[in-house]
Amino acid sequence: MIIVKIGGSEGINYDLIADDLADLVKAKQPLIVVHGGSALTNKVAEQLGHPPQFVTSVSGYSSRRTDRRTLEIFEMVYCGQMNKGLVERLQRRGVNAIGLSGLDGRLWQGTRKDAIKIVENGKRRVLRDDYTGKVEQVNRSLLLGLLEMGLLPILTPPAVSYEGEAINVDGDRAAAATAAALQAEALIILSNVPGLLEKFPDEATLIRHIPAAKIDQFMSVAEDRMKKKVMGAQEALAQGIGRVVFADGRVAQPIQRALAGEGTVIGT
Ligand code: ADP
């Protein structure tokens, strides 16, 4: 089993990714896809007059401020255009894909954070009306059932809280939790960079390999958004996934290239 996380940033080539996924499905490679949608969400939120806001937690991680209106826009883009866009691309290539959010069938469950401590203009503040959380439980039997039926699951945030509320969760970490629940051999994280760059944005400084035991040391290399990916990788490895690859989602055969060792390979 391989879990493929497709990013949501500008430049990712969804047609080339769908071509590669279709080839892998035809070669009988078991797969599950997880995707994001942040760039398009930002654009649509602007157009709808509810511009995106990002908050920084006291521990230094940045995340999308998700009030109720943001959650609605988030669902329109992630569960709507992004998810159905991928499902359609796969259906056009003869793959019977099925799109689901983490809410559907309680696929991804977690705790909604009732208070997030953020830093704003150097001051600490507590947010209480935010719909965010983290995936803690994966509905493994639902996924196995879909695979058994010959369907290719295309998964997207939001997840669901134990109280049944939609919660915005980080896609990379949700993909890591899914990989762990299915004991996947590999987690491939496709983005608009060739991998983890020693000196971002210089692509010539690509880090080719990180031994699992040394991943902590690389946390400082990653800036803002890349930090969550490194954290996701760390969580996946800690839960027994052999290999996590950060790879380029802008090129032809991005998944096969990642499996062949291109990008940043994290593992033994
Ligand atoms: P996606 O939406 O594709 O999941 P993100 O936009 O969340 O991806 O994260 C990838 C981004 O992280 C890159 O486009 C880049 O701007 C940023 N980044 C920060 N530090 C690094 C780094 N050291 N190496 C590579 N990318 C980095």
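Start by selecting Arg-257 and Glu-262: in this predicted model, their side chains form a salt bridge, with an N to O distance of 3.7 Å. Colour the two by accessibility and you will find Arg-257 partly exposed, at 34% relative accessibility. Glu-262 also counts as partly exposed, at 41%.

Next, select Asp-172 and Lys-5. Here the side chains meet in a salt bridge at 3.0 Å, N to O. Now show the cartoon around them: Asp-172 belongs to helix H5 (residues 171–181) and Lys-5 to strand S1 (residues 2–6), so this contact ties together parts of the chain that lie 167 residues apart in sequence. Are these two residues buried or exposed? Both Asp-172 and Lys-5 are buried.

Then move on to Arg-93 and Asp-15, whose side chains make a salt bridge of 3.7 Å, N to O. Distant parts of the chain are linked here too: Arg-93 sits in the loop between helix H3 (68–92) and strand S5 (97–101), while Asp-15 sits in helix H1 (residues 14–26), 78 residues apart.

To finish, zoom out to the whole model. How many salt bridges are there in the count? The count comes to 15, and the stops above included the pairs Arg-257 with Glu-262, Asp-172 with Lys-5 and Arg-93 with Asp-15.

Notes:
Residues are numbered from 1 along each chain as its sequence is written. This is a predicted model: local features need pLDDT of at least 70, side-chain atom pairs count only at pLDDT 80 or more; totals for chains, interfaces and linings use all residues. Side-chain values use heavy atoms; hydrogens and water are left out. A salt bridge is a side-chain nitrogen of Lys or Arg within 4 Å of a carboxyl oxygen of Asp or Glu. Helices (H or I, at least four residues) and strands (E, at least two) are DSSP runs, numbered from the N terminus. Buried means under 20% relative accessible area, exposed over 50%, partly exposed in between (1.4 Å probe, protein chains only).
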